[in-house]
Structure formats: structure tokens, C-alpha cells
Amino acid sequence: MTTSTLVEPILRWYDEHARDLPWRRPDATPWSVLVSEFMLQQTPVARVLPVHEAWLTRWPTPAALAAETSGEAVRAWGRLGYPRRALRLHAAAAAITEQHGGEVPSAYDDLLALPGIGDYTAAAVAAFAYGQRQVVLDTNVRRVLARTVTGTEFPPRSVTRAERDLGAELLPTDPPTAATWSVAVMELGALVCTADRPRCGGCPVAERCAWQRAGAPAYDGPPRPVQAYAGTDRQCRGRLLAVLRDAPGAVAKSRLDAAWDQAEQRERALASLIADGLVAVHPDGRYALP
């Protein structure tokens, strides 16, 4: 698969169909890009948009966030889910302020060294905030490449060396074009080459797609995980955190007890929130955000 047969059609498609998202605009700061990457992990764009806007209004720089308590970050995170991301973003803001003069670093290795940042996020920020040539492999990108190039409906559970090599092979040599390609293929996966009910009729490379040419064979790999929510410890944790987010200060244990009627599960969830640093226990036995 060459650049001319795959990359160029997707770049042209992106020019016409890219969504207007605040972290993609020319005036977006690297901090805006970094915040978006934390928030978009396992969370749809529609839910992220209002929280991202409120976050950047309140904390337009890493230093502004670092000056607040981590509990305020958890409070502002609201109901985005997976609230440990808020703690990690707060820790990253503190590290950026202390180690990089308050400026989000541009080097991949410096980004990777920040709390809560792995390979994908470091590559994404370097590419999207600084226009660098990086292999950016999120779920959407991996799915597009799995279908168009390898002919499988879904990629492996974890990123493989073969996927990295393919991503590097397809990456345009010009850094700004490479950065645009990375976001373009990501957008194609989000809007067209979706996990369920892909809109192949609107795909710019449908005729070149190995999966389509093979008759769109059904996935036959290991079972894909299905995340339940109702009645889970995750839902219970969310209920308990909601009580603390909505309270002006520390609350008595009875307030938390009223939020979930399964005592054993509630105690387990509360203990995990404390262990994760999302809930603090005051000396008088009351509970609050950290």
C-alpha cells in the first residue's frame, strides 16, 4: 500500500469533512490539545466539548490548574467518567509548571515522562500541537488500518510491532502533512470506518480496502470486551463521587450511604476511591474530594 493509494484520498476526504473542534483550530494551544487528549480517552467528543471549554476557561494554562487542589480537578471533571484521568491531568500540569516553565513540552520523550501520559498521548500531542511526524495509533486509526491494509475487521487487542511498522510506512515524510494524516485517518475511523455499522459507501478508499475486497469477513479473533455499567462498582463509584462533587465541603458517611443501597459494594467502591486518591478522609471521619 503506497501513499498515493491510501493517504492522499484520505487527506482529500479530511479537507472536506473534518469537524470543527476547538483543539484542532489554528489558535489552539498545546495545553488545549493535551487536555483534549486526556478527556477523549474512552469518552465521545460530544460529552467532552462542554467540559473542555469550561476547563480551558477556568484553567487556560497548566500553571493555573497546578495552583488548584487535585480535588477541584476531580470536581470539574464532572461526569466524563474514569475520574482518575483528572488526577493524572492535574499531576501533569504540576510537572509541566515545575519542570518546563509552564509550557507543554514539544519533545516526545519529555511528554512521555509526564504523569499519566503514555505512547499514544505523547505522540498525539507532539503531532497535533507541534506538527511533528509521529506514529499516532489510537483505536480509530488501528481499526482503519486493520481493515484497509490487513483485511481484518478489528485490530488486535494490543498494539503490535506490525501495526507500528505499518503506521511508520504510511506516514508522509513532510512533518506537517504527517500530522494532518494522523488526524485525518483518526477522523475517518470516528465518522465513517466505525466499529459498528461502518459507512463504507462514504469511504474515500472503499475500492482499495482489503477488508471490503475480501467480502468484509466477520471478526474471528478473541472476544472483544463489552463494558457493562449498570450495577457495577464503576457506577457505584460514580454515585459516591457525585455526592462529593456536589457538596461544598466534607460530608458525613451517612450522605454516602444514602447514595447506594448495597452496603458491601458501597464499602468496596469507597475503599477503592480512597486508594486511588479520589476521596480524602478527614480526621473527624467525614469524606471529601482530595
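Helix 8 (residues 119–130) and helix 11 (residues 175–191) pack at about 120°, their axes 8 Å apart; the axes are lines fitted to C-alpha atoms over the stretch in contact, with angles running from 0 to 180 degrees between N-to-C directions. That makes helix 8 oblique to helix 11, oblique being whatever is left after under 35 degrees (roughly parallel), over 145 (roughly antiparallel) and 65 to 115 (roughly perpendicular). At this meeting place, Tyr120, Ala127 and Phe128 of helix 8 touch Ala179, Ser182, Val183 and Met186 of helix 11, contact meaning heavy atoms within 4.5 Å.

Before we go on, please keep in mind that this is a predicted model, where local features need pLDDT of at least 70 and side-chain atom pairs pLDDT 80 or more, while totals for chains, interfaces and linings use all residues. Residues are numbered from 1 along each chain as its sequence is written, and side-chain values use heavy atoms, without hydrogens and water.

Now to helix 9 (residues 139–150), which reaches 15 Å between its first and last C-alpha, close to the expected 16 Å. Nine of its twelve residues are buried, so helix 9 is largely enclosed by the rest of the structure; Arg142, Arg143 and Arg147 are among the buried ones. Asp138 caps the N-terminal end of helix 9, with a side-chain oxygen 3.1 Å from the backbone nitrogen of Asn140. Just after helix 9, Gly151 has a positive phi of about 80°.

Notes:
Helices (H or I, at least four residues) and strands (E, at least two) are DSSP runs, numbered from the N terminus. The expected span of a helix is 1.5 Å times one less than its number of residues. Buried means under 20% relative accessible area, exposed over 50%, partly exposed in between (1.4 Å probe, protein chains only). A polar contact is a pair of N or O atoms within 3.5 Å; within protein, one must be able to donate a hydrogen and the other to accept it, and residues adjacent in sequence count only if both atoms are side-chain atoms.
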